[in-house]
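Me: Hi! Could you walk me through this one, a bit at a time? I'd like to chat about helix ends, charged pairs and strands.

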Amino acid sequence: MGARLILIALCGASLVLAGCHQPSAATPLAEATAFAESSIQPAGEPLRLQGYVNDAAGTLSNAVEARLSSRLQMLEKQTGHQLVVVTTPSLGGEDISAYTRALGNRWGIGRKGVNDGVILLVAPNEHKVRIEVGKGLTVALPDALCKKIIEHDILPGFRAADIDAGVEKGVAAITPHLH
């Protein structure tokens, strides 16, 4: 019942789509395990990079995590761009933009000097979604397009109480712009 209420509440999600910033160092995710079963991470602890899909809030099914991990690993192999999916149990009172940017910097998403990382972050408890785009991809994924992807591809799944579908459709809408 609680998860259902969270999903229903996401239909009114606050969307914050602003400035882009990318980390100065890169951590090649291709070298990490493509899929490691998620471990829910407690609110208040710094999130740990687990791979291409980081379901710290425990909202995604294992099947979806595996599909997305495979797809995102292939994307990096084909383009060099890194796209990471993250769910967090809490933003810890931070603005979603600052939280996502700091997470990308700490994890080193994207290649150094290219700034081509993207994070799709879902904070179900705060009812927020964000697509953070590195400066090297802002032409391919401008803020207006990210907002459209959230509104037309991600939120309909959330409104239907299906976070898996929303996240998968969001990734499917983002990836063609990275080729």
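Me: Let's start with α3. Which residue caps its N-terminal end?
Reply: Asp95 does: one of its side-chain oxygens lies 3.0 Å from the backbone nitrogen of Ser97. Helices here are DSSP runs of H or I with at least four residues, strands are runs of E with at least two, and both are numbered from the N terminus.

Me: Before we go on, what sort of model is this?
Reply: It's a predicted one, where local features need pLDDT of at least 70 and side-chain atom pairs count only at pLDDT 80 or more, while totals for chains, interfaces and linings use all residues. Residues are numbered from 1 along each chain as its sequence is written, and side-chain values use heavy atoms, with hydrogens and water left out.

Me: Thanks! How far apart are the end C-alpha atoms of α3?
Reply: They are 16 Å apart, which agrees with the 16 Å that the twelve residues of α3 (96–107) should span at 1.5 Å a residue. The expected span is 1.5 Å times one less than the number of residues.

Me: Which of its residues are buried?
Reply: Ile96, Ser97, Tyr99, Thr100, Leu103, Gly104 and Trp107. They cover an arc of only 165 degrees around the axis, which puts them on the same side of α3. That arc is taken from the directions from the helix axis to the C-beta atoms. Buried means under 20% relative accessible area, exposed means over 50%, and partly exposed is in between (1.4 Å probe, protein chains only).

Me: Why would residues a few places apart point the same way?
Reply: An α-helix has 3.6 residues a turn, so residues three or four places apart point the same way.

Me: And what do the buried residues of α3 pack against?
Reply: Four strands: β2 (53–55), β3 (82–87), β4 (117–123) and β5 (128–133). Contact means heavy atoms within 4.5 Å.

Me: What comes just after α3?
Reply: Gly108, with a positive phi of about 70 degrees.

Me: Switching to charges. How many salt bridges are there?
Reply: Five in the structure, counting a side-chain nitrogen of Lys or Arg within 4 Å of a carboxyl oxygen of Asp or Glu. One of them pairs Arg101 with Glu132, with the closest N and O atoms 3.9 Å apart. Arg101 lies in helix α3 and Glu132 in strand β5, so this pair ties together parts that are 31 residues apart in sequence.

Me: Is Glu132 buried or exposed?
Reply: Buried, at 3% relative accessibility. Arg101, on the other hand, is partly exposed at 23%.

Me: What does Arg111 pair with?
Reply: Asp116, with closest N and O atoms 2.4 Å apart. Asp116 is buried at 0% relative accessibility, whereas Arg111 is partly exposed at 31%.

Me: Which side chain meets Lys147?
Reply: That of Glu151, in a salt bridge of 3.9 Å, N to O. Both lie in helix α4 (residues 143–159), four residues apart, or about one turn of the helix. As for networks, salt bridges that share partners join Arg101, Arg130 and Glu132 into one.

Me: On to the strands. How many residues of β3 are buried?
Reply: Six of its six. Gln82, Val84 and Val86 are on one side, and Leu83, Val85 and Thr87 on the other.

Me: How does β3 pair with β2 and β4?
Reply: β2 and β3 are parallel over three bridges, and β3 runs parallel to β4 with six bridges. Two strands pair if DSSP finds at least two bridges between them. Thr87 is the bridge partner of Asp55, and Val86 stands opposite Leu121 in β4.

Me: In which sense do β4 and β5 pair?
Reply: Antiparallel, over six bridges. Leu120 has Ile131 of β5 as its bridge partner. Their hairpin has four residues between the strands, and His127 there takes a positive phi near 60 degrees.

Me: Last one: where is Thr175?
Reply: In the segment after α5 (163–174). Thr175 is buried at 5% relative accessibility, and its side chain makes a polar contact with that of Arg71 at 2.9 Å. A polar contact is a pair of N or O atoms within 3.5 Å; within protein, one must be able to donate a hydrogen and the other to accept it, and residues adjacent in sequence count only if both atoms are side-chain atoms. Leaving out residues up to four places away in sequence, Thr175 touches Arg71, Leu75 and Leu83.
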